[in-house]
Amino acid sequence: MMEKMEAAKQQLRQDIESYTRGEEPSPIAMLRAALLEDWEVSIHRVGKEFKLVIYGVVRGLPDHDGGGWVCTGAVAWLDRKMRWARSHSRLYALGQPAGTKIPIEGVDV
């Protein structure tokens, strides 16, 4: 179990390093990614910290075969063009957004 968690952390570090260099997930990674439709971004306060999460209807997750509403884990990277997002545990392809704006400290951006 610890090896799996360490491997996931290492993969997240590698992904963030590649995103910082301007790279994006490969086409194969995007095909394997869970798809979020009708999604919206939210910021949750956890103690003194804040985390960005995405709510939406998911397709392609083993636990949600027929789709259903989910909330991602904390988002580590959100593509500026809103095509994909990387949480601490997985990559999500972003389909059609819900059309809402990102709430930040009570102000819509």
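This report describes the helix, the sheet, the salt bridges and some individual residues of one protein structure.

The structure is a predicted model, in which local features need pLDDT of at least 70, side-chain atom pairs count only at pLDDT 80 or more, and totals for chains, interfaces and linings use all residues. Residues are numbered from 1 along each chain as its sequence is written, and side-chain values use heavy atoms, with hydrogens and water left out.

## The sheet

Helices (H or I, at least four residues) and strands (E, at least two) are DSSP runs numbered from the N terminus. Six strands make up an open sheet of mixed pairing, in the order 3-2-1-6-5-4. Two strands count as paired if DSSP finds at least two bridges between them. Strand 3 and strand 4 are the edge strands, each pairing on one side only. From one strand to the next, the twist averages 30 degrees. Such angles run from 0 to 180 degrees between N-to-C directions, and the axes are lines fitted to C-alpha atoms, for helices over the stretch in contact.

In general, the strands of a sheet pair through backbone hydrogen bonds, either parallel or antiparallel. Here, strand 1 and strand 6 (residues 91-94) pair in the parallel sense over three bridges. L36 has L94 in strand 6 as its bridge partner.

## Helix 1

Helix 1 has 19 residues and spans 27 Å from its first C-alpha to its last, close to the 27 Å expected at 1.5 Å a residue. The expected span is 1.5 Å times one less than the number of residues. Helix 1 lies across strand 4, strand 5 and strand 6, and runs at about 145 degrees to strand 5.

A residue is called buried under 20% relative accessible area, exposed over 50%, and partly exposed in between (1.4 Å probe, protein chains only). In helix 1 the buried residues are L12, D15, S18 and Y19. These residues are on the same side of helix 1, because they cover an arc of only 130 degrees around the axis; the arc is that of the directions from the helix axis to the C-beta atoms. An α-helix has 3.6 residues a turn, so residues three or four places apart point the same way. The buried residues of helix 1 pack against strand 4, strand 5 and strand 6, in contacts defined by heavy atoms within 4.5 Å. On the face turned away from the buried side, helix 1 carries the exposed residues M2, E3 and T20. Helix 1 is followed by G22, which has a positive phi near 95 degrees.

## Salt bridges

A salt bridge is a side-chain nitrogen of Lys or Arg within 4 Å of a carboxyl oxygen of Asp or Glu.

| Pair | N to O distance |
|---|---|
| E6 and R13 | 3.3 Å |
| R86 and D15 | 2.9 Å |
| E24 and R83 | 2.6 Å |

Both R86 and D15 are buried. R86 lies in strand 5 (residues 84-87) and D15 in helix 1 (residues 2-20), so this pair ties together parts that are 71 residues apart in sequence.

E24 and R83 meet in a salt bridge. E24 is in the loop between helix 1 and helix 2 (27-32) and R83 is in the loop between strand 4 (75-78) and strand 5, so the pair ties together parts that are 59 residues apart in sequence. E24 is partly exposed at 43% relative accessibility, and R83 is partly exposed with a relative accessible area of 33%. A network of salt bridges links E24, D79 and R83.

In the pair of E6 and R13, E6 is partly exposed with a relative accessible area of 42%, and R13 is partly exposed at 39%.

## Individual residues

D38 is not a glycine, yet its phi is positive, at about 50 degrees. D38 lies in strand 1 (residues 34-46) and is partly exposed, with a relative accessible area of 37%. M82, also a residue other than glycine, has a positive phi near 55 degrees. M82 is in the loop between strand 4 and strand 5 and is partly exposed, with a relative accessible area of 32%.

T72 is placed in the loop between strand 3 (69-71) and strand 4. At 3% relative accessibility, T72 is buried. Not counting residues up to four places away in sequence, T72 touches L36, V53, I54 and Y92.
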